[in-house]
Amino acid sequence: RTLVRLVDGPAYPPAVEEWIAAARVAVIDCRVGTNREPLVAMDGGALAEALAAAQRPERQPVLVHCLRGQRETGVLVGCMRQQQR
């Protein structure tokens, strides 16, 4: 069981932290950032790390999340789908 966290944000609430510990869920923090014009790009190294972590069979099942589930999560899931083809 793995939780891949793609966002730089506050810690999880105490109840969630307790559940993570009790359920023995591994948390992988991969702060990939977002693409913003004109000069800010997503961290390719962090994205590759998150992609590798999410695809390891021993880490399954995997939950991937960012702050709103729009940019970072979509990019990672899109990369995973491309590799699965």
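This is a predicted model: local features need pLDDT of at least 70, side-chain atom pairs count only at pLDDT 80 or more; totals for chains, interfaces and linings use all residues.

User: Where is confidence lowest, and where is it highest?

Analyst: Confidence is lowest in α3, at a mean of 80, and highest in helix α1 (residues 14–22), at 92.

User: OK. In what order do the elements run from the N terminus?

Analyst: The order is β-α-β-α-β-α, which comes to three helices and three strands.

User: What share of the residues is buried?

Analyst: Of the 85 residues, 32% are buried. The accessible surface is about 5800 Å², and carbon and sulfur atoms account for 54% of that.

User: And the contacts, how much of that joins residues at least 24 apart?

Analyst: Taking contacts between residues at least 6 apart in sequence, 59% join residues at least 24 apart.

User: Let's look at α3. How far does it reach from first C-alpha to last?

Analyst: The 13 residues of α3 reach 19 Å, close to the 18 Å expected at 1.5 Å a residue.

User: Which of its residues are buried?

Analyst: Glu72, Thr73, Leu76 and Met80 are buried in α3. Looking down the helix axis, those buried residues fall within an arc of 100°, so they line one face of α3. Arg81 and Gln82, on the other side of α3, are exposed.

User: What does the buried face pack against?

Analyst: The buried residues of α3 pack against α2 (44–55) and β3 (62–65).

User: Zoom in on Met80 for me. Why does it count as buried?

Analyst: Because its relative accessible area is 16%, and the cut-off for buried is under 20%.

User: What is Met80 in contact with, leaving aside neighbours within four places in sequence?

Analyst: Met80 is in contact with Leu51, Ala54 and Gln55. Ala54 is 26 residues away from Met80 along the chain, yet their C-alpha atoms are separated by 8.4 Å.

User: Switching to the core. In the largest nonpolar one, which residues touch the most other members?

Analyst: Leu6, Val32, Ala50 and Leu76 do, in a core of 17 residues. Both α2 and α3 supply at least two residues each, and α2 gives the most to this core, with six.

User: What does Leu6 touch, not counting residues up to four places away?

Analyst: Its partners are Cys30, Arg31, Val32, Ala50, Val64, His65, Cys66, Glu72, Thr73 and Leu76. There's also a second, separate core of five residues, and among them are Leu3, Tyr12, Ala23 and Val25.

User: Now the backbone. Which residues does the cis peptide bond join?

Analyst: Gln60 and Pro61, with omega at about -10°. Pro61 sits in the loop between α2 and β3.

User: And which residue has a positive phi although it's not a glycine?

Analyst: Arg24, with a phi of about 55°. Arg24 is in the loop between α1 and β2 (26–29).

User: Is Arg24 buried or exposed?

Analyst: Arg24 is exposed, because its relative accessible area is 74% and the cut-off for exposed is over 50%.

Definitions and conventions
Residues are numbered from 1 along each chain as its sequence is written. Side-chain values use heavy atoms; hydrogens and water are left out. Buried means under 20% relative accessible area, exposed over 50%, partly exposed in between (1.4 Å probe, protein chains only). Contact means heavy atoms within 4.5 Å. Helices (H or I, at least four residues) and strands (E, at least two) are DSSP runs, numbered from the N terminus. The expected span of a helix is 1.5 Å times one less than its number of residues. The arc is that of the directions from the helix axis to the C-beta atoms. Accessible areas come from the Shrake-Rupley method with a 1.4 Å probe; for residues, only the protein chains shown count as cover. pLDDT is the predictor's confidence in each residue, from 0 to 100. A nonpolar core is a set of buried Ala, Val, Leu, Ile, Met, Phe, Trp, Tyr and Cys residues joined through side-chain atoms within 4.5 Å.
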